[in-house]
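Trainee: I'd like to go through the labels on this one and hear where each comes from. Please set every label against its rule.

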Amino acid sequence: MAGALVGGAFLSAFLQVLFDRLASQEIVDYFRGRKVNDIQLQKLKITLLSVDAVLNDAEAKQITYPAVKQWLDELKDAAYDAEDLLDEIATEALQQKLEAESRSGTRQVRRSTFLSPFEKGLSSNIEQILARLEFIAKQKDVLSLKEVQGKPLQTLPTSSLVEETGVYGRERDKEALIRLMLNDACGEDISVVTIVGMGGVGKTTLAQLVYNDVRVKEQFDLQVWIYVSAEHDIFGVTKTILDAVTLSTSRIKDFNLLQLELKEMLTDRKFLLVLDDVWNENYIEWEALLIPFKSVARGSKIIVTTRNERVASVMRSVSTLHLQQLSDEDCWLLFAKHAFDKRNSRARPQLDVIGKKIAKKCNGLPLAAKTLGCLLHSKSDVEEWDMIFKSNIWDLSYEETNILPALRLSYYYLPSHLKRCFAYCSIFPKNYEFREQKLIRLWMAEDLLQRPNPKKRMEKVGEEYFRDLLSRSFFQQSSYKRSHFVMHELINDLAKFVSGEFCCRMGNENSYDSMRKTRYISYSRTRYDASMRFKPIYEAKRLRTFLPLQLASECGHFLTLILTGCSSLDELPTDMGRLINLRLLYVGETNLRELPSQISKLKNLQELSTFIVSRHDGLGIRDLKEFKHLQGKLYILELQNVVNIQDALEANLKDRKYLKELSLKWSANFDDSENERRVLENLQPCTNLERLSIKLYGGTRFPDWLGSPSFSNMVSVNLSFCKYCFFLPPLGQLPSLEELCITGCEGIERVGPEFYGRTSQSRTFRSLTVLKFENMLEWQEWISLNSENEGGAFPRLQQLYLQDCPKLTGTLPSYLPSLRKLVLNNCKQLSTSTLGALSFRKLETGNCDKLMYQELPSTLQKLIIKGPINYSLLSSFPLDLLPELQILSVQNCVQLASFSVPDDGQRDLAYLSFLRIRGCPNFQSFPQGGLRAPNLTIFSVCNFNNLISLPEHMSTLLPSLRDLYISNCPKLVSLPEGGLPSNLNMVLISRCDKLIANRRKWGLQRLPSLKIFCLGGCKDLESFPEGVAAHHSDHTFHLSTSESQSPE
């Protein structure tokens, strides 16, 4: 078990790449007939094999022996140089092939007897690298490095004992785990609960707390604690469990007898077993280990602690607890306990301040807080504490801290191919949030992914690598963006420690005296980046990745170039073709108007964000045929420059089967609509495409391929400003289409059967969830399918947007069973008589003359009205017609004069939580007797020329009100009788001169929860209402005399 867990050395995967490169066809072909160079390459391979044999030993010793670390760095640098040379050879071979192919009139190409400058220097370059590697190889004997199989690192075993007074911030986790221990209703005789988290986060401590809890002890007949680690095999773990159960040392050496003995000892006993620090992911072995436990009493439990979430899956856990970092406050308490012992930290104010900074630097990791607290326990000098705060934890000596070995253990057991990918992540600064696909693309560009099966796509390999590192807690999901990930600061430090001088993060946190070995650079872009800031980069002659910076002519080994967001960039170098190894080029959000024609030589490109078609000598649409490996997203711009329709066919987008997203854009509409139609016809993409956008297309109809059911993966279509098209394509035939947006198609007057296609009614738009029609100025008729019951079109449609369709008449489809949100704006002729038959929850509307509030569904929860509505329809709005309404916002509705409720006034608006009325100058009054809205939390009134009073009895009828906004209500004289609700947190009043004149009667002193109070547009007011500021001295008050001051 243990041997299988040990990951290969970082450089082993690196050297394997070199071995594969040496055996590649282009290298073999290039050296065929060159006897001298071929012998040199054989020597190079043998030398690499000799150092490969001792890499496991070197990687285990590098932390405790700095000389070994230095030796590894020199070897890595030489290996990078060797890989660069092989890349140069492959590049030279490809360039010779391209030059030969470009020669006119010659089919057969003979090798020239003339040697290029590259070929002349090749032998000496190989000899130089070979000599360097041979010297490094000899040093392995000086350092006593030996050929050994990977072996587990020695770690301190754990026990079940714990000092509970030294634990902070785990009470909630402890209680959750105890509830699982006391629950016997899981249906299994024995169930597994797994605690997963990064090294040092406190998994063992939590297990110890639960193991020793009195309630747990009373629940089980027998408790056993086993420290597993990576060293145990299945026989050893079984024997250790048996020894713990019998309190003796077993001499049984047969595995069968061992399991039989253990089964007999556990039969019908309620048993709690803790397996601490489990690494093994082998399902077969764990199933064999658990066989003796099948006879235990019902309700028995196994607690497993692990750094790897895959272990939880292998163990078939009924529950998995992902242990998070401590809060900064709990981290400080733990640090202070060990740094100050029983002495009060406040006796040392300066140390207290620095100590809190150190605790924050631990980023919630208990092991780090405890270790640094112990390190500073005997130190009372402020400078020593400050030095620890300013230093990198990884710079501390091996003896001083056990943080390094605890986290290094996770890295040590990574497979070698994952070690390279993890080390590459050192390019990200601390707390940098990254997307999974972005990182995978960078790995692909650097050729870090190993594809065991030629049929498996590289993206899938990258996803497996990413998920593996995520499951091992090297990555964590961002707390702010679910689609982003981040590395814990100490894990980030570990990546930087591993990558060493080969990765540089330019910024305040790093110094970079020398960049001779640097291959990867990132920097945090600022608005003004002085050129001197980048002066050290000139030393990095072998740079591979620069995120992000403009191209330099010396960077012939670039694999990744990201220029996204360089808004001043308007031109690329004409000799871009020299970057023949480039795999990823992003030029979005720049000022580029053209791409140099030499980009067509970048045949290794895997991702090209933007392709700009030139009208003259630049890049033509036919050049797309050169990029056979394109994948991900591709934006093609300036398609009006395609003159020859055959060029579009030669682009051969049909064969780009790994493209997922395609955007086609013309920048102007020309008279030759037939040419544009045939261009779009010839730009047919592969049926694997998932997202398609077509903008400013000038043809009169869409091509036949658009809407074909063969595009079974298409989930999103956007057709924008295709103003000469008279009919929509049959998009209803796309089986997976989820989102459809049609904007500015002015030629469309009718949407009918052609839109749905030839599929049966039960299958048209069967997956669509979002449908948008916007800026359709000539659209007059929407013909629905005949079916008005189950089986009609749009069975899953959740959101429908109809905006700026002023000529559209008729009604909406009456069968939209899944509709939840409806947006109707500037649809003056559209009848809303079918709305009552629908059950949507949200409505946003404005400038829709035929909207009748009586037709709104009673299920409505959110209503937003913007702009004028027919006076007869909305002079008095009856709130009781929408009993489930939670949010109501009415803006710029001149006709609205009042709200109304039933005559008895006793019915509560139970769900209403947000009420905003803005720009309704004729609004005069709220319902007599007040608004009975017990859950209203936000109330805003603004721009009311005729409003005389606020709702009556606000203090009692609006008990939950937290925020009150009142602005530009010139006739409002006073607050309601009884004052304001006592739970108000925020009051903002602006441009209400008469109301402010009566400020002494507001009674703000009776608002104990008030935290923010703001007055705006107060010409003559020089101070707050008397006594308010003194009564609420610890809160925020603001006074403004600006006429434009708005409370919102």
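## Labels and their rules

Mentor: Let's start with strand β8 (residues 484-486), which is joined to β6 by two bridges, the two running antiparallel. Keep in mind that this is a predicted model: local features need pLDDT of at least 70, side-chain atom pairs count only at pLDDT 80 or more, and totals for chains, interfaces and linings use all residues. Residues are numbered from 1 along each chain as its sequence is written, and side-chain values use heavy atoms, with hydrogens and water left out.

Trainee: What makes β6 and β8 a pair?

Mentor: Two strands pair if DSSP finds at least two bridges between them. β6 and β8 have two bridges, so they count as a pair. In one of the contacts, F434 has F485 of β8 as its bridge partner.

Trainee: Why do β6 and β7 count as edges?

Mentor: The sheet is open, with three strands in the order β6-β8-β7 and antiparallel pairing. β6 (434-435) and β7 (476-477) each have a single partner strand, so one side of each has no neighbour in the sheet.

Trainee: On to β29. Why is β29 described as largely enclosed?

Mentor: Buried means under 20% relative accessible area, exposed means over 50%, and partly exposed is in between (1.4 Å probe, protein chains only). In β29 (residues 887-891), four of the five residues are buried, so the rest of the structure largely encloses this strand. It pairs with β27 (residues 862-866) in the parallel sense through five bridges, and I864 stands opposite S889 of β29. β29 also has five bridges to β31, again parallel, with Q891 opposite R918 in β31.

Trainee: Next, what makes R215 and D213 a salt bridge?

Mentor: The rule asks for a side-chain nitrogen of Lys or Arg within 4 Å of a carboxyl oxygen of Asp or Glu. The closest N and O atoms of R215 and D213 are 3.0 Å apart, so the pair qualifies. D213 is buried at 9% relative accessibility, while R215, at 35%, is partly exposed. By this rule there are 32 salt bridges.

Trainee: And D468 with R472: buried or exposed?

Mentor: D468 has 9%, so it counts as buried, and R472, at 13%, is buried too. Their closest N and O atoms are 2.7 Å apart, which makes a salt bridge.

Trainee: Which parts of the chain does the D908 and R932 bridge link?

Mentor: D908 and R932 form a salt bridge, with 3.1 Å between the closest N and O atoms. The pair links distant parts of the chain, 24 residues apart: D908 lies in the loop between β30 (898-900) and β31 (914-918), R932 in the loop between β31 and β32 (938-942). D908 is partly exposed at 41%, as is R932 at 26%. Elsewhere, salt bridges with shared partners join E74, D77, D81, D84, R132, E501, K517 and R519 into one network.

Trainee: What makes D570, E571, E594 and D617 a patch?

Mentor: Patch members need over 30% relative accessible area and no salt bridge, with like charges joined within 9 Å (for nonpolar side chains, Val, Leu, Ile, Met, Phe, Trp and Tyr, within 5 Å). Those four gather in a patch of negative charge on the surface. E571, for one, has 53% relative accessibility, so it counts as exposed, and it sits in the loop between β12 (560-562) and β13 (584-586).

Trainee: Which residues form a positive patch?

Mentor: R435, K481, K633 and R691 do. R691 belongs to strand β18 (residues 691-695) and is partly exposed at 36%.

Note on methods
Areas by Shrake-Rupley, 256 points an atom, 1.4 Å probe, with all protein chains shown as cover. Lys, Arg positive; Asp, Glu negative; His and termini not counted. Charge placed at Lys NZ, Arg CZ, Asp CG, Glu CD.
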